[in-house]
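Dear colleague,

My findings follow directly after it.

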Number of protein chains: 2
Amino acid sequence: MAAQKSTQPATGKSAPDSTRRSEKSRRAIYDAALALVVEVGYPKTTIEGIAARAGVGKQTIYRWWSSKADVLMEAFLDLAEQSVQEPGPTPSAFPDTGDIAADVKDVLRATVDQMNDPRFDVPSRALAAEGVVNEQLGRELVARLMQPSLDLYIHRLRAAQDAGQVRADVDPRIALEFFISPLAQRWLQHTGPISHEYTDTLVDYALHGLAPR
Amino acid sequence: MAAQKSTQPATGKSAPDSTRRSEKSRRAIYDAALALVVEVGYPKTTIEGIAARAGVGKQTIYRWWSSKADVLMEAFLDLAEQSVQEPGPTPSAFPDTGDIAADVKDVLRATVDQMNDPRFDVPSRALAAEGVVNEQLGRELVARLMQPSLDLYIHRLRAAQDAGQVRADVDPRIALEFFISPLAQRWLQHTGPISHEYTDTLVDYALHGLAPR
């Protein structure tokens, strides 16, 4: 896996100095890749351009990654990992307090905060825009960046089904879209403002339905 | 309004020959604009390029439209109008049979068919992708291309509230997102397949809710 290669560069040495140099290069490469995709767009971002901006040789990049898509995916995964170090909900785990409404609201509020953070917003938009017109990249973004989150939603919704809080005949893969898709569309397509109050409302409407009970 | 200008070009003449020539030019300009945005992307599409491809002078375009965004918006409105001429549901009206579930399913099935039509899919993606990274264009796309459809959903949902089929305390502007946003995300971001069966399921889940009744 590329993710392993990047954390344990195949330098042939294991001395601490070499590891530190590699870590520094890796971070410079991620920063350069994210900055370039914002400035010139995905099609014009090249391995050469990333290398020049990061101040490393082209071969350093090719030693660890096979393509610019590969570098960018890992730069985003790294960006998400960095946010885990910060206070707040952990994106790699889904809370389970036994109350599905409260738990989904918690996660969506954290997602809103992330979308409102320019460090994520700007490069995420640049990559998402390319995924709209470049189906192969779009599918890679889904598989590598979105699917882990979708799996957490599915897992939490299944637990809610076991607990009798979500109907047993509901497909969790479709149900989760009521939580994430309206928010994604407002964010990506500028169709409306996003806030904690908005995502709380989505959760209430989705669980209780639009029709009278 | 630009839309009026384009259907009644300010040629200073009203002879049928002049009108025919203008209509032919207008169509050539729309076709050229849609083709260019697909081929070179929105940023590199220019009035000059559209004029050259359409075989008209730059001034012909500037006489009727103020910018490339203006030309493209109207080319899309025209594309949507053309589909009205064809058999099938009319996008400019929302059915009201008295059954909100059946009516929304009808409209969403037609939307799925449109998304699966390359004539709409390819240029729509190119424009939507630019709207993701270009907020001003994104907001124009919403106001001029999406809002008329959203208004039809709101109007139909209000009628359903009056008929007691949708709860009175639901905000129709948010409720409509359960119908359109999951489909939009699957289509734009390649997160999943789209089909009539899928959109039928969205309508049933949204109306009845995910929690047991």
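The notes below concern the relation of the two chains, their interface, one residue within it, and an annotated region.

Please bear in mind throughout that this is a predicted model.

Interface. In this pairing, 47 residues of chain B are in contact with 48 residues of chain A. The two chains bury about 4,600 Å² between them, and 62% of that area lies on carbon and sulfur atoms. Three residues, Phe178(B), His190(B) and Leu210(B), supply 18% of the area that chain B buries against chain A, which is more than any other three residues supply.

Polar interactions also cross the interface. Between chain B and chain A, 30 residue pairs are in polar contact, and the rule finds 2 salt bridges. A salt bridge joins the side chains of Arg186(A) and Glu177(B), with an N to O distance of 2.6 Å.

As to secondary structure, the elements of chain B that give two or more residues to the side touching chain A are helix H7 (118–133), helix H8 (135–162), helix H9 (172–175), helix H10 (177–189) and H11. The largest share of that side, 11 residues, comes from H10(B).

A residue at the interface. Pro212(B) lies in the segment after helix H11 (196–208) of chain B. Leaving aside neighbours within four places in sequence, Pro212(B) is in contact with residues of chain A, namely Gly164(A), Gln165(A), Val166(A), Arg167(A) and Arg213(A). Pro212(B) has a relative accessible area of 38% and is therefore classed as partly exposed, the range for that class running between 20% and 50%.

Annotated region. The unreviewed UniProt entry carries the annotation "DNA-binding region" for residues 46–65 of chain A. Over residues 46–65 of chain A, the model is 75% helix and 0% strand.

With kind regards

How values were computed:
Residues numbered from 1 in each chain as written. Chains lettered and ligands numbered in written order. Predicted model: local features only at pLDDT ≥ 70, side-chain atom pairs only at ≥ 80, totals over all residues. Heavy atoms only, no water. UniProt positions renumbered as here; feature names shortened; annotations may be inferred. Helix = DSSP H or I, 4+ residues; strand = E, 2+ residues; numbered from the N terminus. Buried < 20%, exposed > 50% of the residue type's maximum accessible area, 1.4 Å probe, protein only. Contact = heavy atoms within 4.5 Å. Buried area = accessible area lost by both parts, 1.4 Å probe. Salt bridge = Lys/Arg side-chain N within 4 Å of Asp/Glu carboxyl O. Polar contact = N/O pair within 3.5 Å; in protein donor to acceptor, adjacent residues only side chain to side chain.
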